[in-house]
Structures are given as structure tokens and as C-alpha cells.
Amino acid sequence: MNGSSSFRQIVKARIARINLKKASGLDLITTGILKELPTQAICRIVPIFNIITRRHYFPQEWKLAKVTMIAESGKPLEEPESYRPIISLLPTKSKLFEKLLSKRIMTMVEKKNVIPESQFGFRNQHATTEQICRIFSKVHTAFEERKHCPGVFLDVKRAFMIECG
């Protein structure tokens, strides 16, 4: 990321595409506020994003999320395991930076062909259904050829346990 006017235009374009229905995080900066920023304010944001990138330092405040929990039906309300997080609201400026950085990283990753074709998570035009078809095809081929087809499947339901107390 650089401080040039082209990067300002990229930031402006990204802000223009932000969904107005997205809620704000703990900073209370709404997407509507970002959309109303004048060019001078965007000129102030760009150097902040550049410093974050150059210094490899992400502000602690931008990492804090407002989490809303929802009780799972039929489970005791006094048990922490009865709840699951449904909304994790990060600060709007954090989400904006993440979108810009993600776009840049993915552009470089795709150009250099770093991610193998078998990787489907977090990739455009690599839907879960395509991965299921791919796995089915491999299993079917192995079955037809009377070969073994080993697989490892993980259940990560409890991977994100929340500590209460």
C-alpha cells in the first residue's frame, strides 16, 4: 500500500462499496459515517493504513469485537455451552483495512499461484459444493479402480469455545 492518489482512489472506491446495513463495532463509527467522509479525511486515513502495513502493527482497539450471543434452543440457559456467538462486530475502520489488505494479498497470491487448487476456503469461485463434488469424484474413481482412498475429516464444532468468567 502506498500514499499515492491511486491508493486514495482505491480506498474511496472500497468505502463506496461498503454495505450501509452493517452495524458498527465498539468505536461506533458506522458505515454511513465512512461513506460521508470528505476526500480530506480519506487523505488522513491512507497514511494510517500505510503505517500499519509498514510497521506490521495492528492497533489493539481495532482487534476488539462486540460479540452478541444467542441461546441454543432446548439447552440450559445457565450453561456457557448453551450459547453460540452470532455476531462479532469489529470496528468499521478495521474491516475497511482488512478488505483492502485482503484484496492486495489475494491479488499477489493468485498472480504467483501460491494456493493449491485443492484449497477451497476463503477463495472466490471455490464453493463448498465444488469441493464436495471433487471429493466424491476422487472417492468414486478410487472405488472404480478398486484402490484405497484415505481421508481425514475434522469436526471443529468446539474450536471456538468462549471463556466465561
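Lys 75 and Glu 72 are joined by a salt bridge between their side chains, with N and O 2.9 Å apart; the term covers a side-chain nitrogen of Lys or Arg within 4 Å of a carboxyl oxygen of Asp or Glu. This is a predicted model, in which local features need pLDDT of at least 70 and side-chain atom pairs pLDDT 80 or more, while totals for chains, interfaces and linings use all residues. Residues are numbered from 1 along each chain as its sequence is written, and side-chain values use heavy atoms, without hydrogens and water.

The structure holds three salt bridges.

| Salt bridge | N to O distance |
|---|---|
| Lys 75 and Glu 72 | 2.9 Å |
| Lys 93 and Asp 27 | 3.0 Å |
| Glu 145 and Lys 147 | 3.4 Å |

Lys 93 lies in helix H4 and Asp 27 in the loop between H1 and helix H2 (31-35), so this pair ties together parts 66 residues apart in sequence. Helices (H or I, at least four residues) and strands (E, at least two) are DSSP runs, numbered from the N terminus. Lys 93 is partly exposed at 25% relative accessibility, and Lys 147 is exposed at 55%; buried means under 20%, exposed over 50% and partly exposed in between (1.4 Å probe, protein chains only).

The largest nonpolar core has 14 residues, including Phe 7, Phe 49 and Leu 96. Such a core joins buried Ala, Val, Leu, Ile, Met, Phe, Trp, Tyr and Cys residues through side-chain atoms within 4.5 Å. Helices H1 (5-16), H3 (39-55) and H4 (92-112) each give two or more residues to this core, and H3 gives the largest share, five residues.
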